[in-house]
Amino acid sequence: TMRRLGGARRLHRAAAAATFRRPAEVPGLPPARPTYAHLALVGGATRGHLRSVVTSAAAGSPAPTPPPAPPLARVPPGTNILTLLRSRGLLADVAGEGLEAAAAAGPLPVYCGFDPTAPSLHLGNLLGIVVLTWFRAAGHTPVALLGGATGRVGDPSGRSAERPVLGEADLEANISSIRAILEDLLTRPGPAEHGPPPLILNNHDWFGGVSLLDFLRDVGKFA
């Protein structure tokens, strides 16, 4: 139990360090502080609650009920999402030019991919979910893309190990489980609930029916 609690502490610390650097202020929003507001936004526990859970579990008493997430300010209309992300320490680089102008011109769809190699998500997925939520809060359409097709093939990205090859039943179970998690996290009350509804798609829906001959005819000629 103590090992598990220690792991929870380290996980929470790592999430806070990865997500919350001291940000600048954004006009129209309360001063952003390195707090746990983002974790509350996607359904995490507050710091005080985590401490009380650790204390209660160590003492052998039942863990208390989590407190409700603190209310978060609605993103003012016209807020540029890239400016917002930079102010909160959530944006390092942008590939290409013109994205800031495009984001200011009107709503954009934005996607983040999730591999169905396990029945649940991990800490590395947290920032993607947080960023999707902020895009939605700023009026853009978030798309959570499940890799039902890409999860069925190896990963030729130069990593030390490829994706594990899973059977059809395991893949479908993982996809169903992750879809439920994303639906829960991306639709929770908060500033984002005023934005467009999130889309949760599976790329196997359009790649699954592509045969080798179709691929060679339509895509291979451009190689």
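Guide: Start with helix H7, which has 19 residues and runs over residues 168-186. Helices (H or I, at least four residues) and strands (E, at least two) are DSSP runs, numbered from the N terminus. At 1.5 Å a residue, H7 should span 27 Å. The expected span is 1.5 Å times one less than the number of residues in the helix. The end C-alpha atoms of H7 are 26 Å apart, which agrees.

A word on the model. It is predicted, so local features need pLDDT of at least 70 and side-chain atom pairs count only at pLDDT 80 or more, while totals for chains, interfaces and linings use all residues. Residues are numbered from 1 along each chain as its sequence is written, and side-chain values use heavy atoms, leaving out hydrogens and water.

Now look at how H7 is covered. Its buried residues are Leu-171, Asn-174, Ile-175, Ile-178, Leu-182, Leu-185 and Leu-186. Buried means under 20% relative accessible area, exposed means over 50%, and partly exposed lies in between (1.4 Å probe, protein chains only). Seen down the axis of H7, these buried residues fall within an arc of 100 degrees, so they line one face of the helix. The arc is taken from the directions that run from the helix axis to the C-beta atoms. There is a general rule to recall here. An α-helix has 3.6 residues a turn, so residues three or four places apart point the same way.

Next, the charged side chains. Glu-168 makes a salt bridge with Arg-152, with the closest N and O atoms 2.7 Å apart. A salt bridge is a side-chain nitrogen of Lys or Arg within 4 Å of a carboxyl oxygen of Asp or Glu. This pair links distant parts of the chain: Glu-168 is in H7, and Arg-152 is in the loop between strand S2 (141-146) and H7, 16 residues apart. Glu-168 counts as partly exposed because its relative accessibility is 49%. Arg-152 also counts as partly exposed, at 23%.

Arg-152 has another partner. Its side chain meets that of Glu-172 in a salt bridge, 2.9 Å from N to O. At 40% relative accessibility, Glu-172 counts as partly exposed.

Compare helix H9 (212-218). There, the side chains of Asp-214 and Arg-217 meet in a salt bridge, 3.5 Å from N to O. Both lie in H9, three residues apart, about one turn of the helix. A search of the whole structure finds six salt bridges.

Last, visit a loop. Thr-79 sits between helix H3 (47-59) and helix H4 (81-87). Thr-79 counts as buried, because its relative accessibility is 14%. A polar atom of the Thr-79 side chain lies 2.7 Å from the backbone oxygen of Pro-76. Thr-79 and Ala-103 are 24 residues apart along the chain, and their C-alpha atoms are separated by 9.3 Å.

Conventions:
A polar contact is a pair of N or O atoms within 3.5 Å; within protein, one must be able to donate a hydrogen and the other to accept it, and residues adjacent in sequence count only if both atoms are side-chain atoms.
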